[in-house]
Amino acid sequence: MTTATQIPGYVVGTWDIDASHSTVGFSVRHMMVSKVRGYFTKFSGEIVTAEDPAQSTVTATIDMDSIDTRQEQRDAHIRSADFFDVGNHTHMTFRSTEVRTDGADWTVVGDLTIKGITKPVELALELNGFGPDAYGGTRAGFSAKTEISRKEYGVDIDMPMDGGGVVVGDKITVELEIEAVLRTA
């Protein structure tokens, strides 16, 4: 039995990420006491599901200017040279280099580029399903999660707090909820 037949409803093809039904989110420790969550509202990508799921690929581009943490002053600061330097680095990109499975657990390995710095990342992947949509098309759903160091990508501002600690933590948790639409010929 092939891996593809073990994935219920698995469909081979090329898929476009449906940004209106997907989320690219993150959280980061703030003031050493809580977490701030944010999202990117503009992104696109392509997923190619292969006959052998381990040969599948994904590419994505995220508009760095579309950050939304629900506080415009903070968002403007994050867009500045202190953090993302959006004036010089308008996009973040991801390109997969490997897909692997260990039983029911899937991992997508790829190159993440932020501020012109590319580092490998591993995303823990959950296959949520494949099926028909209300418009005569086919959809697929995926969830993924990883943790990165913002400093490794040149987002290395330190904002120490009186009494110790920092305003913004180094570890960023990235969480994706992706819905994709199968391209038709």
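Modeller: Two strands pair if DSSP finds at least two bridges between them. Keep in mind that this is a predicted model.

Colleague: Fine. Which residue stands opposite Met92 in strand 7?

Modeller: Ile62 does. Strand 5, residues 57-63, is joined to strand 7, residues 91-102, by five bridges.

Colleague: Parallel or antiparallel?

Modeller: Strands 5 and 7 run antiparallel.

Colleague: And how many bridges join strand 7 to strand 8?

Modeller: Nine, and that pair is antiparallel. Strand 8 covers residues 105-114. One of the bridge partners there is Thr107, paired with Arg100.

Colleague: What sits between strand 7 and strand 8?

Modeller: Two residues, in a hairpin. Gly103 is in the turn, with a positive phi of about 70 degrees.

Colleague: Switching to helix 2. Which residues are buried?

Modeller: Asp75, Ile78 and Arg79, in a helix that spans residues 72-79. Down the axis of helix 2, they fall within an arc of 100 degrees, so they line one face.

Colleague: What do they pack against?

Modeller: Strand 6, residues 67-68.

Colleague: Now Asp133. Where is it?

Modeller: In the loop between strand 9 (117-132) and strand 10 (138-149).

Colleague: Buried or exposed?

Modeller: Buried. The cut-off is under 20% relative accessible area, and Asp133 has 17% relative accessibility, so it counts as buried.

Colleague: What does the side chain of Asp133 make a polar contact with?

Modeller: The side chain of Arg139, at 3.0 Å. A polar atom of the Asp133 side chain also lies 2.9 Å from the backbone nitrogen of Tyr135.

Colleague: Leaving aside neighbours within four places in sequence, what is Asp133 in contact with?

Modeller: Thr138 and Arg139.

Note on methods: Residues numbered from 1 in each chain as written. Predicted model: local features only at pLDDT ≥ 70, side-chain atom pairs only at ≥ 80, totals over all residues. Heavy atoms only, no water. Buried < 20%, exposed > 50% of the residue type's maximum accessible area, 1.4 Å probe, protein only. Helix = DSSP H or I, 4+ residues; strand = E, 2+ residues; numbered from the N terminus. Arc of directions from axis to C-beta. Contact = heavy atoms within 4.5 Å. Polar contact = N/O pair within 3.5 Å; in protein donor to acceptor, adjacent residues only side chain to side chain.
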